[in-house]
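Please take a first look at the structure shown here.

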Amino acid sequence: MREIVFDTETTGFEPSEGHRLVEIGALELINHMPTGVTFHKYINPEREIPADATRVHGITNERVANCPLFADIADEWLEFVGDAPMIAHNAAFDMRFINAELGWIGKPPYAPERFIDTLAMARKKFPGSPVSLDALCRRFSIDNSHREFHGALLDTELLAEVYLELRGGRQPGLALVGKGSASGDERVHIDRPYRAPRPHAVPDAEQAAHRAFLEKKVKKSLWLAGDTPSA
């Protein structure tokens with residue numbers, strides 16, 4: 001099963017007010033395992049980025065001035081996502097912006113049922129508790145000490161770990177492996193230590209001790225070889 005975990009950064013809260021995407025980050029899961037294949041783009045929003053937004057995600061007007069427009073990366077994004085379910089934290093927010101950007105260039109929107117909302121999952125699992133991405137990282141002992149700003153790719157990597165925990169817990173070896181590109185032919189390789197087969201035969205001494213115990217405690221025992229049950 002293929003899934004896409006993703007996050008966006010924007011110029012504001014509402015595309016209906018003219019706000020736009022400035023960053024998209026995504027990574028691929030197959031059978032709930034990160035493959036290392038990612039998608040990451042900074043986007044020229046064709047408008048000024050408010051100072052309040054820059055204080056949140058650290059992206060300045062100068063940073064995206066020469067970046068591609070969403071229209072320039074839309075086909076690459078659509079190909080990367082394919083028909084996979086899309087996982088986001090507060091998915092309604094990201095869906096609203098992605099669908100607005102698609103609509104502005106004449107592309108069909110994503111259906112709401114495509115999205116899995118980790119915020120809703122966390123609220124159901126931990127009612128009344130803080131469920132921000134930072135709070136969930138603390139709850140699950142996920143290291144987010146390098147998260148100074150909200151960044152789409154970094155937040156996506158953290159969210160992938162949170163999502164696996166919300167589904168029941170990470171398994172050994174599920175750490176994010178070396179990053180690949182959306183078009184790369186990356187394969188997952190996990191080194192696992194060799195463990196010799198465990199012995200299962202009961203030693204002769206233990207069998208003898210067990211038989212002596214039964215002979216002492218039970219005169220007629222079905223567990224003693226050669227015994228037959230009384231009528």
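What follows is a walk through this predicted model.

Because the model is predicted, local features need pLDDT of at least 70 and side-chain atom pairs count only at pLDDT 80 or more, while totals for chains, interfaces and linings use all residues. Residues are numbered from 1 along each chain as its sequence is written, and side-chain values use heavy atoms, with hydrogens and water left out.

The secondary structure of the chain comes to eight helices and five strands, where helices (H or I, at least four residues) and strands (E, at least two) are DSSP runs numbered from the N terminus. From the N terminus on, these elements run β-β-β-α-α-α-β-α-β-α-α-α-α. Of the 231 residues in the chain, 42% are buried; buried means under 20% relative accessible area, exposed over 50%, and partly exposed in between, with a 1.4 Å probe and protein chains only.

In soluble globular proteins, nonpolar side chains tend to be buried together.

Helix α7, which covers residues 152-166, is mostly covered, with 14 of its 15 residues buried. The residue G168, which follows α7, has a positive phi, near 140°.

Turning to charged side chains, a search of the whole structure finds seven salt bridges, each defined as a side-chain nitrogen of Lys or Arg within 4 Å of a carboxyl oxygen of Asp or Glu. One of them joins R2 and E28, whose closest N and O atoms are 2.6 Å apart; this pair links distant parts of the chain, with R2 in strand β1 and E28 in strand β2, 26 residues apart. Here R2 counts as partly exposed at 28% relative accessibility, whereas E28 is buried at 11%. Another salt bridge joins R96 and E14, with closest N and O atoms 3.5 Å apart, and it connects helix α4 to the loop between β1 and β2 across 82 residues. Finally, R20, E46 and E101 are linked in a network of salt bridges.
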